[in-house]
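Colleague: Can you walk me through the salt bridges in this one? Keep it short.

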Amino acid sequence: MDDSRDDSRTGARPVIVVTGATGAQGGGLVRAILSDARKVFAVRAVTRDPRSEQAAALERAGAELVAADFDDAASLVHAFRGAQGAYCVTNFWEHFSPEKETVHANNLATAAQGAGVEHVIWSTLEDTRLKVPLSDTRMPTLMGSYKVPHFDAKGAANRAFIDRGVPTTFLLTSFYWENLIYLGAGPQKDAHGTLAMTLPLDDAKLPGIARDDIGRCAFGIFKGGAQWIGKTVGIAGEHLTGPEMAAALTAALGKTVRYNAISPDDYRSLDFPGAEDLGNMYQYQRDFNAEFCAARDPQQARSLNPSLQTFTAWLAANKQHIPL
């Protein structure tokens, strides 16, 4: 790792700083920049631990590493210095605290402002309280101040970038299909031994995307430059109903997968961390499905990332990793 900012890896190319560089979204963007045949940008990967194997792999691939912590605003200013662009993403699921996420977003926005970054992408989500206020009893209020904590905190944090005058593109992401592999969202055997995919969506569509395609779309936004500043860009690979996802899984896995549609109340009662938050999230997506899907346009995503994957294509490459 070189803190001099005169790293031969960057040369005269404009630098894109990527937070969450060893995570899903940030890692995808780092890989997209490094694999670009034209080498339009150099990439500076921000990590808390540059000695980790994930960070070392990025450095071997050609990224510049810099150590910074979202709780340490000064370290972020140092990491952003001299960069043309910055990808800002926070990880609610690391701490389950919307208040902490708010602090992190403010620190990121302050660092981008202080470093004079010309183009920031802020990975955000809807503040669901704009449509379901805390007084609305359709879904429970969580943590005293939120309906969908991991959505609401990100949506509210848009103001951190707007109020500081940071030139920002607001990126709305979708359900990661990798959740079927890593987060237990994939098919589970029911009491009869049949694989079932359980979601509280009734017949609503779920916008989904491969996580590396998020990074590739972000790369497309950075290449597009100023035309995207001040805009909200929503991306998805496809919008699929539960039965459509189950049918695709059945075809890919060679085993019957049924769609188990349960109520949001039943989902909220499931025994895993964050079940209430996710139950409210799926209910919000179900109840405002047309608008939620319209905000995440696969055509727009494909214009930014011509190699955008469909669910079927993603399954063909990843089906062997889905635990059954």
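Predicted model: local features only at pLDDT ≥ 70, side-chain atom pairs only at ≥ 80, totals over all residues.

Colleague: How many salt bridges does the count come to?

Modeller: The count is 19. A salt bridge here is a side-chain nitrogen of Lys or Arg within 4 Å of a carboxyl oxygen of Asp or Glu.

Colleague: What does arginine 296 form a salt bridge with?

Modeller: Its partner is glutamate 126, with the closest N and O atoms 2.7 Å apart. Arginine 296 sits in the loop between α12 (289-294) and α13 (298-304), and glutamate 126 in the loop between β5 (119-124) and α5 (149-156), so the pair ties together parts 170 residues apart in sequence. Helices (H or I, at least four residues) and strands (E, at least two) are DSSP runs, numbered from the N terminus.

Colleague: Is arginine 296 buried or exposed?

Modeller: Buried, at 0% relative accessibility. Glutamate 126 is buried too, at 16%. Buried means under 20% relative accessible area, exposed over 50%, partly exposed in between (1.4 Å probe, protein chains only).

Colleague: Switching topic. What about glutamate 53?

Modeller: Glutamate 53 pairs with arginine 60 at 2.7 Å between the closest N and O atoms. Both glutamate 53 and arginine 60 are exposed.

Colleague: And which residues are linked in a network?

Modeller: Asp127, Arg129 and Asp152, through salt bridges.

Key
Residues numbered from 1 in each chain as written. Heavy atoms only, no water.
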